[in-house]
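This report describes helix packing, sheet architecture and the chain contact in one structural model. The sequence and coordinates are shown first.

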Amino acid sequence: MIKHLRLPRLSWRFIPVWQRNYLVWKKLAIPSILGNLADPMLYMLGLGFGLGSLLPDINGMSYLSFLAAGTVAYSTMNAATFEVLYSSFSRMHVQRTWDAILNAPMTLDDIMLGELTWATSKSLLSGVAILAVIWGLGLFGNFWMTLWIIPVVALVGFCFGGMGLVMNAVSPSYDFFLYYFTLVITPMVLLCGVFFPVTQLPPLLQSVSAWLPLTHAIDLARPLVIGRVPNSVALHVAALLIYGSLGYVIALALTRKRLLK
Amino acid sequence: MLKVRGLTKTYGDTEVVRGLDLDVRRGECFGLLGPNGAGKTTTLRLLLGLTDPDSGSIELAGIAVPQRAREARMKVGVVPQLDNLDPDFSVRENLLAYGRYFGMSKAAVTARVPMLLEFAGLANKADAQIAQLSGGMKRRLTLARALVHDPDILFLDEPTTGLDPQARHLIWQGLRRLLAEGKTIVLTTHFMDEAERLADRLAILDHGRRVVEGAPRALIEAHIEPAVVEVFGEGLADWTRAHAATLCLRHESVGETLFCYTATPDSVIDALKEVPALRYVHRPSNLEDVFLKLTGRDLRD
């Protein structure tokens with residue numbers, strides 16, 4: 001892998017790859033959007049109303065608002081992860097679409113940047129849909145502040161898209177992705193404050209949580225929902241950028257090893 | 001059009017390509033033949049700059065590869081061994097999407113689509129889904145897709161493997177038409193009849209080396225006696241012991257068959273007629289005889 005590790009050469013040629021995925025998605029847009037949204041929405045509303053009615057406010061937020069802010073980040077993470085795992089893997093390994101594109105004057109850097117920006121775009125849609133529910137139910141503190149959630153969602157999508165591409169690069173089959181969900185995504189959902197504040201965890205787990213990207217995503221999204229400026233914005237933004245970029249660079253090296261050896 | 005010197009590529013301990021030299025002239029069809037594992041597909045990947053050689057130089061359409069592979073690929077159309085058409089798109093959309101990867105505008109590709117569909121014999125299938133196409137149609141669409149940017153040179157990796165005879169002939173017609181238009185073609189195959197039909201010149205590769213290079217007819221004349229009589233049946237061993245050395249210029253026993261290479265097949269056949277239990281096939285020598293002589297009869301997997 002070290003031999004294949006180098007800085008990506010970014011070019012605008014990623015756009016036809018993004019466009020290819022967009023055109024395919026457009027054919028099935030409605031079921032795809034519904035499928036993407038139903039699950040997080042049901043959790044959010046079910047737990048928010050059901051469990052929320054039994055719980056006191058958390059730091060001055062109703063439980064439903066608290067959970068909605070977590071769900072924005074969580075839903076965005078899932079959408080980006082699913083896209084670069086299952087969908088990218090289909091295109092790379094099963095349909096050999098990447099092989100076809102590589103025979104054109106395109107590089108793997110272009111293809112994977114196209115995949116990453118596409119995953120970011122698709123997850124942006126997921127995050128914004130949850131945001132729309134927040135608007136609709138009036139769960140926010142200051143409407144104008146919630147608009148900042150849109151760039152945050154894009155950043156979260158980029159972060160988990162980049163990380164997921166690493167799994168795509170090393171996976172022998174679809175089954176392999178289950179490990180990533182069981183060992184990375186699910187623990188993250190439970191440790192990063194989607195359903196309850198991180199401060200409820202034992203100190204050791206709290207310090208683990210501080211390193212996880214979803215924590216940084218939620219630390220940005222939650223204050224914005226209730227109309228406050230998040231603390232340490234630069235730290236959270238940097239963490240998400242670093243996780244995503246590092247993921248992309250490592251994934252690129254591993255995929256180069258896989259396809260261009 | 002293509003110039004390769006001293007090309008080598010090693011995977012682990014296996015030298016897949018070992019000091020390969022090739023020259024392909026503009027407008028000719030050049031065949032790369034070889035048993036499985038001879039390094040044909042690896043060579044094509046090296047020529048496209050999809051993998052870096054350990055040593056040697058490649059010049060494709062006057063452009064150094066892999067240094068400027070991206071520019072070189074602008075000049076090349078590729079038909080890969082395994083179909084990788086985009087199953088989420090229709091026939092027409094496949095061509096449109098592929099053109100974009102070459103930086104073509106939608107208008108530029110759209111203008112070429114009718115001509116490409118006509119070439120592929122798919123004019124009435126423009127809106128069909130890929131899953132509805134037969135194997136032959138998919139291959140023809142892949143060929144049309146490789147022409148979307150009007151390349152000077154085409155790389156075809158086993159273009160007719162898995163096709164029925166009708167579909168193969170249709171592909172060959174298409175390739176001849178391209179040659180008549182002045183395109184250069186590099187084709188790998190292990191169908192000897194395909195190489196004999198299409199290739200102006202060919203190279204036989206084995207274990208990553210070029211064993212021989214030349215025009216198909218010239219190679220047959222240089223390496224094999226004019227005729228072959230294949231003999232099989234009851235009593236073959238006795239007949240071989242008694243007659244093979246005197247009647248054949250060269251002979252070879254493979255399993256239950258005797259290959260008798262000769263310039264005077266009639267005398268062999270006269271002798272065979274006296275032994276009714278023996279059956280035979282008389283045929284002119286062909287490229288397959290050259291191939292088997294030079295690369296051996298052992299199975300390669």
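## Conventions

A crossing is called left-handed if the near helix is turned anticlockwise from the far one by less than a right angle, and right-handed if clockwise. The model is a predicted one, in which local features need pLDDT of at least 70 and side-chain atom pairs count only at pLDDT 80 or more, while totals for chains, interfaces and linings use all residues. Residues are numbered from 1 along each chain as its sequence is written, and chains are lettered from A and ligands numbered from 1 in the order in which they are written.

Helices (H or I, at least four residues) and strands (E, at least two) are DSSP runs, numbered from the N terminus. Axes are lines fitted to C-alpha atoms, for helices over the stretch in contact, and angles run from 0 to 180 degrees between N-to-C directions.

## Helix pairs in chain A

Two packed helices are described by the angle between their axes and the distance between the axes. In chain A, helix α2 (residues 29–50) and helix α3 (residues 63–94) have axes that come within 9 Å and cross at roughly 160 degrees. That angle makes α2(A) roughly antiparallel to α3(A); angles under 35 degrees count as roughly parallel, over 145 as roughly antiparallel, 65 to 115 as roughly perpendicular and the rest as oblique. The crossing of α2(A) and α3(A) is right-handed. Residues of α2(A) that meet α3(A) include A:N36, A:P40, A:Y43 and A:M44, and those on the α3(A) side include A:Y63, A:L64, A:T71 and A:Y74; residues are in contact if their C-beta atoms, placed from the backbone, lie within 7 Å. This contact has 11 nonpolar, four polar and no charged residues. In this classification Ala, Val, Leu, Ile, Met, Phe, Trp, Tyr, Cys and Pro count as nonpolar, Asp, Glu, Lys and Arg as charged, and the others, Gly among them, as polar.

Helix α10 (residues 213–225) of chain A packs with helix α11 (residues 233–259) of chain A at an angle of about 140 degrees, and their axes are 9 Å apart. The two helices α10(A) and α11(A) are therefore oblique to each other, and their crossing is left-handed. A:P213, A:H216, A:A217, A:D219 and A:L220 of α10(A) make this contact with A:V233, A:H236, A:A239, A:L240 and A:Y243 of α11(A). Its classes are seven nonpolar, two polar and one charged.

## Contact between the chains

Chain A and chain B each give 18 residues to their contact. On the side of chain A that touches chain B, the elements giving two or more residues are α1 (15–27) and α4 (97–102) of chain A. The most comes from α4(A), with five residues. This side of chain A divides into nine nonpolar, five polar and four charged residues.

## Chain B overall

Chain B holds 11 helices and 14 strands. Its C-alpha atoms fill a box of roughly 75 × 45 × 35 Å along the principal axes. Of the 301 residues in chain B, 40% are buried, a term for residues with 20 or more other C-beta atoms within 10 Å of their own. Among contacts in chain B between residues at least 6 apart in sequence, 69% join residues at least 24 apart.

B:L154, in strand β7 (residues 153–157) of chain B, counts as buried because it has 22 C-beta neighbours inside 10 Å. B:L154 lies 31 residues from B:I185 in sequence, and the C-alpha atoms of the two are 4.8 Å apart. Beyond neighbours within four places in sequence, the contacts of B:L154 are B:G77, B:A146, B:L178, B:K183 and B:I185.

## Sheets of chain B

One open sheet of chain B has four strands in the order β2-β1-β4-β5, with antiparallel pairing; strands pair if DSSP finds at least two bridges between them. At the edges stand β2 and β5 (63–65) of chain B, each with a single partner strand, so one side of each is left without a neighbour in the sheet. Neighbouring strands are turned by 25 degrees against each other on average, direction ignored. Strand β1 (residues 2–11) of chain B is joined to strand β2 (residues 14–24) of chain B by eight bridges, with B:K9 opposite B:V17. In the β1(B)–β2(B) hairpin, which has two residues between the strands, B:G12 takes a positive phi near 60 degrees.

A further open sheet of four strands in chain B has the order β12-β13-β11-β14, again with antiparallel pairing. Its edge strands are β12 (250–254) and β14 (278–284) of chain B. Strands β11 (residues 227–233) and β13 (residues 257–262) of chain B pair over six bridges, and B:V229 stands opposite B:C260. Helix α9 (residues 236–247) of chain B packs on this sheet, touching β11, β12, β13 and β14 of chain B, and its direction makes about 15 degrees with that of β13(B).

Notes. Two residues are in contact if their C-beta atoms, placed from the backbone, lie within 7 Å. A residue is buried if 20 or more other C-beta atoms lie within 10 Å of its own, exposed if 12 or fewer, and partly exposed in between; C-beta atoms are placed from the backbone.
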